[in-house]
Amino acid sequence: MIAETVCSAVAAAGLGIAVVTAYRKRYLTATRIAAYALVPLGLVMTGVVEWLADTAFSPTAWVGFGVLGLSWLLFATTRTVERRRGGTGKERKAARESAAPAATAPGASAPALGQAPSRGQSPAPRQKPAAQGDDDFSDIEAILKKHGI
């Protein structure tokens with residue numbers, strides 16, 4: 001009963017402020033204030049305020065809110081873990097199989113990587129990029145590969 005009275009008073013005060021605002025020729029703002037002022041009155045008239053008051057003092061309702069919170073926490077935790085691992089188990093296995101590079105080209109008879117240098121031999125020197133323009137795009141390419149694009 002007190003909640004209904006307070007909501008009605010808030011609505012009346014809000015409508016009064018809207019009238020004063022409209023008197024100052026700020027009609028758009030006055031309309032917006034009137035809309036906000038009518039919300040508590042509408043909640044009282046639909047019975048939502050009474051339902052909320054009954055719910056606020058019900059221990060069963062608070063336990064229900066706790067269960068809903070626990071459910072949300074479990075969903076959020078599983079989603080976070082799934083993101084860090086990179087998806088479900090089946091998705092990770094499929095990604096590993098598709099990302100594994102082949103040691104030989106489809107039509108080649110020898111491995112494409114060549115022989116590893118034996119002890120005492122120096123590894124083959126690295127080749128420089130063919131043009132300076134390729135070097136500019138190598139940084140971008142590395143970033144895109146890092147993000148899986």
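Good morning. Please keep in mind throughout that the structure shown above is a predicted model.

I shall begin with the whole chain. It contains six helices and zero strands, so that, in the notation of helices read along the sequence, the pattern is α-α-α-α-α-α. Of the 149 residues in the chain, 9% are buried. The accessible surface comes to about 13,200 Å², and carbon and sulfur atoms account for 65% of that surface. As for contacts between residues at least 6 apart in sequence, 26% of them join residues at least 24 apart.

Helix α1 covers residues 2-23 and helix α2 covers residues 27-46, with a loop between them. Lys25 lies in that loop. Its phi is positive, about 65 degrees, although Lys25 is not a glycine. Is Lys25 buried or exposed? Lys25 has a relative accessible area of 61%, and because this is over 50%, the residue counts as exposed.

Thr21, in helix α1, presents a contrasting case. Its relative accessible area is 11%, which is under 20%, and therefore Thr21 is buried. Which residues does Thr21 touch, once its neighbours within four places in sequence are left aside? The contacts are Arg26, Thr29, Ala30 and Ile33.

How far apart are the end C-alpha atoms of α2? They are 28 Å apart. With 20 residues at 1.5 Å a residue, the helix should span 28 Å, so the two values agree. After α2 comes Gly47, which has a positive phi near 95 degrees.

I turn next to the aromatic side chains. A pair of aromatic rings is described by the distance of the centres and the angle of the planes. The count here is one aromatic pair. Trp62 and Phe65 form this pair, with 5.8 Å from centre to centre and 65 degrees between the planes. Because that angle is over 60 degrees, the arrangement is edge-to-face. Both residues belong to helix α4, residues 59-85, and they are three residues apart, about one turn of the helix. An α-helix has 3.6 residues a turn, so residues three or four places apart point the same way. In terms of accessibility, Trp62 counts as exposed at 53%, while Phe65 counts as partly exposed at 44%.

My last topic is charge. Side chains of opposite charge can pair when their charged atoms come close. How many salt bridges are counted in this model? The count is one. The salt bridge joins the side chains of Lys145 and Glu141, at 3.5 Å from N to O. Where do these two residues sit? Lys145 and Glu141 are in helix α6, residues 132-146, and because they are four residues apart, about one helical turn separates them. Lys145 has a relative accessibility of 60% and counts as exposed, whereas Glu141, at 44%, counts as partly exposed.

Thank you for your attention.

Key:
Residues numbered from 1 in each chain as written. Predicted model: local features only at pLDDT ≥ 70, side-chain atom pairs only at ≥ 80, totals over all residues. Heavy atoms only, no water. Buried < 20%, exposed > 50% of the residue type's maximum accessible area, 1.4 Å probe, protein only. Expected span 1.5 Å × (residues − 1). Contact = heavy atoms within 4.5 Å. Areas by Shrake-Rupley, 256 points an atom, 1.4 Å probe, with all protein chains shown as cover. Phe/Tyr/Trp six-rings, centres within 6.5 Å; stacked < 30°, edge-to-face > 60°. Salt bridge = Lys/Arg side-chain N within 4 Å of Asp/Glu carboxyl O.
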